[in-house]
Amino acid sequence: MNLSWLDDFLTLAALGNFSRAADARHMTQPAFGRRIRALEDWLGTELFDRSSHPVRLTVAGQWFQSVAQDLLEQVARCLLYTSPSPRD
């Protein structure tokens, strides 16, 4: 899994539209869709109901939304605590 997939997922969850989410992530819609599908394949479940417009989170997607947010926050904290401090 690539951590950027989590940002992709959260962007699509917030915007509910593949094209707008792809634009927000500075990529083409087909490439963005492949990344979302790769995350779903990695997790073994669909995260979005693509039959509705805007797309909606599935039950698994609703659960994963908080997991993705927590993971990205934990990674940010790790980077903060492990980055070298400036020398005086």
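R37 and E46 form a salt bridge in this predicted model, with their closest N and O atoms 3.9 Å apart. A salt bridge here is a side-chain nitrogen of Lys or Arg within 4 Å of a carboxyl oxygen of Asp or Glu. R37 also forms a salt bridge with E40, where the closest N and O atoms are 3.1 Å apart. R37, E40, E46 and R50 are linked in a network of such bridges, and the structure holds five salt bridges.

Because R37 and E40 lie three residues apart in helix α3, about one helical turn separates them. An α-helix has 3.6 residues a turn, so residues three or four places apart point the same way. Helices (H or I, at least four residues) and strands (E, at least two) are DSSP runs, numbered from the N terminus.

A further salt bridge joins D8 and R35, with the closest N and O atoms 2.6 Å apart. This pair links distant parts of the chain, 27 residues apart: D8 belongs to helix α1 (residues 3-15) and R35 to helix α3 (residues 29-43).

The table gives the accessibility of residues in these bridges. Buried means under 20% relative accessible area, exposed over 50%, and partly exposed in between (1.4 Å probe, protein chains only).

| Residue | Relative accessible area | Class |
|---|---|---|
| D8 | 0% | buried |
| R35 | 24% | partly exposed |
| R37 | 32% | partly exposed |
| E40 | 2% | buried |
| E46 | 45% | partly exposed |

Helix α4 (residues 59-82) has 24 residues and should span 34 Å at 1.5 Å a residue; its end C-alpha atoms are 35 Å apart, which agrees. The expected span is 1.5 Å times one less than the number of residues in the helix. Within α4, the buried residues are G61, F64, A68 and L72. These buried residues pack against α1, α3 and β2 (56-57), contact being defined as heavy atoms within 4.5 Å.

Residues are numbered from 1 along each chain as its sequence is written, and side-chain values use heavy atoms, with hydrogens and water left out. As the model is predicted, local features need pLDDT of at least 70 and side-chain atom pairs count only at pLDDT 80 or more, while totals for chains, interfaces and linings use all residues.
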